[in-house]
Amino acid sequence: MGARSSMLQEDEITAIQKETGFSSNQIVRLYSRFTNLDKNNQGYLSRADFLRIPELAINPLGDRIVHAFFKESNSVTVNFRDFMRVLARFRPVKKNNTKNKLNDREEKLRFAFKMYDLDGDDMISRDELLNVLHMMVGANISDEQLGSIADRTISEVDLDNDQNISFEEFVKAMERVDVEQKMSIRFLN
Amino acid sequence: MGEQLLIAALSFLFLPVIIVVALVIILATCGTSIGIRKAYVKLMLKVFEACKHKVPVPSPGEQDNDTEEENEIKQDNTLSDAKQDNEDQADKSSSSPSVKGLEQLDFGMSKKEFELSDVMTFAKFGMEAIIDDTVTKRFSAEELPSWNLLTRTQKDHQFMSIRLTALWCVGCFVRYAILLPFRITIAFIGVMWLIISTAFIGYLRESSFKRKLNEFFSLMSFRILCRAFSGVITFHNRENMAKNGICVANHTSPVDVIILSCDNCYAMIGQSHGGFLGVIQRSLARATAHIWFERSEAKDRGLVARRLKSHIEDKNKLPVLIFPEGTCINNTSVMMFKKGSFEVSSVIYPVAIKYDPRFGDAFWNSSKHNWTQHLLQIMSSWALVCDVWYLPPMTKLENEDAVAFANRVKSEIAKKGGLVDLDWDGGLKRENVKESMKEVPQELYSKMLKVD
């Protein structure tokens, strides 16, 4: 029992609090979740640790969601700080909050954009869009139909006619979407 | 000098130990209780209640902060609220979620065109699963609303006051220095009793006398064993107890078997083990018919099913106790029932077991602890308090297949035991989700898309 990974230190909590805006109770709670996911008590999460969550594993975009954590950490493992930074994107937005930037509209949009933009060139190409479409529908819709969906979508939002969707175009297309609500989840204390 | 003192102390302690052990055995034989355990449990509840007020609550400023935040999202997030409600009142979950969380993809009912923002819904569900999911947490110790003074459940209560620490120390002493030695002695006697009595019964010829004798001694041994965990068991609806046939129950720990055997005799089914467990298995098999099969035979499902069938067709044989989840779940939910036993018999006697987590975690986390560690953990806990409900026998409906029947029985058990009814396979404890499961949400999403 004693070999359990070390407890969260007070100063670490404060640092995370400052960076992400989570309350210390939420941090302690999420830390306990983190250690539960970390099955081998290594102090970091691997891809397999994430995909052990069945509800995430059956999510058609599960791979992309997990990928976001590894992009944040820029390595093959995710530590608690990285974990928290990604989750912070999904904190609900408060109206009069300026000190924390991780959960504002732009960050949320950036997260959604990156789910498409796999190669990280700040453009969603037709292939990247098709990839995501394919992940979402599986074998239920034919490639031709998906192709026409992709073409239609790009033509609708592509303002400079380069057959790609840039982040600016993406933001523009999302103008009327309630991103704050769609990309927020409830964190228990 | 010190040695002499020790011997004196030991001999001084000897008498009360003998008295208590003798008392336990006599009481177990009659199957009665003089209420010591109940009084003890009541006392413990009072202590827990007292500690609850000692665990520090977060500073008010911080809390305000969060409630504000919470209110804001509450209006939007009726979804996770609904999930929460589901947890709270597991009884309404009879129409169990078939697509496991993703079924509520809220794109609206009517068909729509693809939008770039659709990924957000998937992302949101994914994140929700990452911070809290319904499955993996069933495979680790259950969360408690207040601390029960056991170190192992302390995780979230890492800041303790001095008085609480003192109380914990006293508790530790009581549990390890007084309760544990007693319990180990009693467990040892119980096991010995079981082995010796079954050995004798084994010599008798098959007759109703042998069956009666076996029942008597089996009940007695298991009642002694049950006292080794300070088990306080409440049996409900005993009129529904199985006489023969198949009895299925939810599974939290191997101790389930001892709990249920305190009130009724069961035939057990399972793989033959070696070592200590094997000794017990062989001695049980001497006294009455159990279904033990070799590892090599276990693969042959047909063979196991045939043996099970022939067992239940013999009305003289004991009811077979089966845990169709196939693995231990942490006492908060019931997971998918394997259909095997439901194919064999069309009448099933369901039993729901629910432990009171405040007195100690009964869940066997087999990936973390082995058998002995688990038993030690239970024996060094406060007590093992549980409720057992016998449900009225259920019959397979016409044109109902085994899977549907199994699900129906499962939701009845969940309802009775106040457990969350899940469709997930308990096998996920060790394995990852099958690829094919991904297709369900994909299909759902595709159906919502308007395609020209």
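The legends below describe close-up views of a predicted model.

**View 1. Helix α2 of chain A, end to end.**
Helix α2 of chain A covers residues 24-37, 14 residues in total. At 1.5 Å a residue, the helix should span 20 Å, and its end C-alpha atoms are 20 Å apart, so the two values agree.

**View 2. The buried residues of α2(A) and what covers them.**
Along α2(A), the buried residues are Gln26(A), Ile27(A), Val28(A), Arg29(A), Leu30(A), Tyr31(A), Phe34(A) and Thr35(A). Their cover includes two elements of chain A, α1 (10-20) and α6 (80-88). Chain B also takes part in this cover, through α5 (118-131).

**View 3. The fold of chain B.**
Chain B contains 15 helices and 10 strands. Of its 452 residues, 37% count as buried. Among contacts in chain B between residues at least 6 apart in sequence, those joining residues at least 24 apart make up 81%.

**View 4. The two assigned domains of chain B.**
The domain assignment places residues 162-229 of chain B in domain 1, and residues 231-266 + 318-451 in domain 2. Taken over C-alpha atoms, the centres of these domains are 24 Å apart. Domain 1 of chain B brings 16 residues to the contact, and domain 2 of chain B brings 12 residues.

**View 5. The side of domain 1 of chain B that touches domain 2 of chain B.**
The elements giving two or more residues to this side are α6 (162-203) and α7 (208-227) of chain B. Helix α7(B) gives the most, with 9 residues. By type, the residues of this side of domain 1 of chain B are 9 nonpolar, 2 polar and 5 charged.

Definitions and conventions. Residues are numbered from 1 along each chain as its sequence is written. Chains are lettered from A and ligands numbered from 1 in the order in which they are written. This is a predicted model: local features need pLDDT of at least 70, side-chain atom pairs count only at pLDDT 80 or more; totals for chains, interfaces and linings use all residues. Helices (H or I, at least four residues) and strands (E, at least two) are DSSP runs, numbered from the N terminus. The expected span of a helix is 1.5 Å times one less than its number of residues. A residue is buried if 20 or more other C-beta atoms lie within 10 Å of its own, exposed if 12 or fewer, and partly exposed in between; C-beta atoms are placed from the backbone. Two residues are in contact if their C-beta atoms, placed from the backbone, lie within 7 Å. Domain bounds come from an automatic or database domain assignment. Ala, Val, Leu, Ile, Met, Phe, Trp, Tyr, Cys and Pro count as nonpolar, Asp, Glu, Lys and Arg as charged, and the others, Gly among them, as polar.
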